[in-house]
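Please work through the exercises below with the sequence and the structure at hand. Each task is followed by a solution in steps.

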Amino acid sequence: NDLVAVSNNAGVDDFGLGLLLNTRQIRRMISSYVGENKEFERQYLSGELEVELTPQGTLAERVRAGGAGIPAFFTPTAVGTVIQEG
């Protein structure tokens, strides 16, 4: 229980991360795509599951940097867009 899952997707209902979601073992999900997992959707909408959506490239770099012992890095996500302006 109380797992933090880092994956590019939330799995499917009865396979992979879906099995852990079904048994309520994941507390927080960090991913770039949540897909079509109905249990994920139910837990998120009911407030049972924390979700952090991260762009795919940033997610990959976070995993790589963490594995290399790099504590922080910069990615220019949204630079030059209205999101940058707030």
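The exercises that follow concern a predicted model and treat its aromatic rings and its salt bridges.

**Exercise 1. Determine how many aromatic pairs there are and how the rings are arranged.**

Step 1. The count comes to one aromatic pair. The partners are Phe40 and Tyr44, with 6.5 Å from centre to centre and 15 degrees between the planes.

Step 2. Planes under 30 degrees apart count as stacked, and the pair of Phe40 and Tyr44 is therefore stacked.

Step 3. Both Phe40 and Tyr44 belong to helix H2, which spans residues 38–45. Four residues separate them, about one turn of the helix.

**Exercise 2. Decide whether Phe40 and Tyr44 are buried, partly exposed or exposed.**

Step 1. Phe40 has a relative accessibility of 5%. Because buried means under 20%, Phe40 counts as buried.

Step 2. Tyr44 has a relative accessibility of 44%. This value lies between the limits of 20% and 50%, so Tyr44 counts as partly exposed.

**Exercise 3. State how many salt bridges there are, and locate the one between Glu48 and Arg24.**

Step 1. The count comes to 10 salt bridges. In one of them, the side chains of Glu48 and Arg24 meet at 3.5 Å, N to O.

Step 2. Glu48 is found in the loop between H2 and strand S3 (50–53), while Arg24 is found in the loop between helix H1 (17–22) and strand S2 (26–31). The pair links distant parts of the chain, 24 residues apart.

Step 3. Glu48 is partly exposed at 37% relative accessibility. Arg24 is likewise partly exposed, with a relative accessible area of 43%.

**Exercise 4. Describe the salt bridges that Glu50 forms with Arg27 and Arg28, and name the network to which these residues belong.**

Step 1. The side chains of Arg27 and Glu50 meet in a salt bridge of 3.2 Å, N to O. Arg27 lies in strand S2 and Glu50 in strand S3, and 23 residues separate these distant parts of the chain.

Step 2. Arg27 has a relative accessible area of 31% and is partly exposed. Glu50, at 40% relative accessibility, also counts as partly exposed.

Step 3. A salt bridge of 3.9 Å, N to O, joins Arg28 and Glu50. Arg28 lies in strand S2 and Glu50 in strand S3, so this pair ties together parts that are 22 residues apart in sequence. Arg28 is partly exposed, with a relative accessible area of 26%.

Step 4. Through salt bridges that share partners, Asp2, Arg27, Arg28, Glu50, Glu52 and Arg62 are joined into one network.

Methods
Residues numbered from 1 in each chain as written. Predicted model: local features only at pLDDT ≥ 70, side-chain atom pairs only at ≥ 80, totals over all residues. Heavy atoms only, no water. Phe/Tyr/Trp six-rings, centres within 6.5 Å; stacked < 30°, edge-to-face > 60°. Helix = DSSP H or I, 4+ residues; strand = E, 2+ residues; numbered from the N terminus. Buried < 20%, exposed > 50% of the residue type's maximum accessible area, 1.4 Å probe, protein only. Salt bridge = Lys/Arg side-chain N within 4 Å of Asp/Glu carboxyl O.
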